[in-house]
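Me: Hi, I have a protein model open and would like to go through it piece by piece. Could you help me read it?

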Amino acid sequence: MAVEYTNRKGKKYYLNVGKTKKGKPRYYFSMKKREKLAEEIPEGYEIYENPANAQVFLRKQIPPLITELEKRLVENKLQKVTGPRLYVADVKGEEIVIYESN
């Protein structure tokens with residue numbers, strides 16, 4: 001079964017496999033089914049959704065410096081913030097970055 005990912009805006013992305021000039025496989029996400037679809041995520045890689053614009057990427061796994069529990073604590077506090085704006089938390093290295101919508 002092909003790798004599919006639906007981002008937070010409800011758009012579906014497909015993991016496509018192309019070839020580099022040297023003939024090696026190249027993986028990328030697209031909203032269109034192109035060339036050949038990947039059956040699984042390559043080892044050592046993860047799906048990443050950009051918090052700013054919900055674009056989906058395949059990136060090398062980054063060793064976590066901030067635990068999932070710490071991230072969830074911040075996300076729970078952000079959900080309690082009232083008002084017309086939405087907030088998204090993202091881990092970048094040893095920081096938790098908070099994005100605010102317009």
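Predicted model: local features only at pLDDT ≥ 70, side-chain atom pairs only at ≥ 80, totals over all residues.

Me: OK, which residues make up the largest nonpolar core?

Reply: The largest nonpolar core has 8 residues, and these are Val3, Tyr13, Leu15, Val17, Phe29, Ala38, Val56 and Leu58. Two elements, S2 and strand S6 (56-60), each give two or more residues to this core, and the largest share, 3 residues, comes from S2.

Me: What does Leu15 touch, if I skip residues up to four places away in sequence?

Reply: With those residues left out, Leu15 touches Val3, Tyr27, Tyr28, Phe29, Lys36, Leu37, Ala38, Glu40, Ile41, Pro42 and Leu58. Val3, Phe29, Ala38 and Leu58, which are among these contacts, are also listed in the largest nonpolar core.

Me: Switching to pockets, what volume does the largest one have?

Reply: The largest pocket has a volume of about 480 Å³. Its lining consists of 21 residues, and Tyr48, Arg59, Lys71, Asp90 and Val91 are the ones that lie nearest its centre.

Me: And which elements supply at least two residues of that lining?

Reply: Strand S5 (45-49), helix H1 (68-80) and S7 each supply at least two residues of the lining of the largest pocket, with the largest share, 5 residues, coming from S7. Sorted by class, this lining has 11 nonpolar, 2 polar and 8 charged residues.

Me: What about the second largest pocket, which residues line that?

Reply: The second largest pocket, with a volume of about 180 Å³, is lined by Arg8, Pro51, Ala52, Leu86, Tyr87, Val88, Tyr99, Glu100 and Ser101. By class, this lining divides into 6 nonpolar, 1 polar and 2 charged residues, and S7 and S8 each supply at least two of its residues.

Me: How do S7 and S8 run, parallel or antiparallel?

Reply: Strand S7 (residues 87-92) and strand S8 (residues 95-100) run antiparallel and are joined by 6 bridges. The two strands form a hairpin with 2 residues between them, and Gly93, in the turn, has a positive phi of about 65°.

Me: Which other residue has a positive phi although it is not a glycine?

Reply: Ala54 has a positive phi of about 65° although it is not a glycine. Ala54 has its place in the loop between S5 and S6, and it counts as buried because its relative accessibility is 0%.

Me: Last one, what is Lys9 in contact with, beyond its neighbours within four places in sequence?

Reply: Leaving those neighbours aside, Lys9 is in contact with Asn53 and Ala54. Lys9 lies in the loop between strand S1 (4-6) and strand S2 (12-19), and it counts as exposed because its relative accessible area is 55%, whereas Ala54 is buried.

Notes. Residues numbered from 1 in each chain as written. Heavy atoms only, no water. Helix = DSSP H or I, 4+ residues; strand = E, 2+ residues; numbered from the N terminus. Buried < 20%, exposed > 50% of the residue type's maximum accessible area, 1.4 Å probe, protein only. Contact = heavy atoms within 4.5 Å. Pairing = 2+ DSSP bridges. Core = buried A, V, L, I, M, F, W, Y, C linked by side-chain atoms within 4.5 Å. 1 Å grid on protein atoms, 1.4 Å probe; cavity = no way out; pocket = protein on both sides within 12 Å on 5 of 7 lines; lining within 4 Å. Points joined across faces, edges and corners; volume = space filled by probe spheres on them. Nonpolar A, V, L, I, M, F, W, Y, C, P; charged D, E, K, R; others polar.
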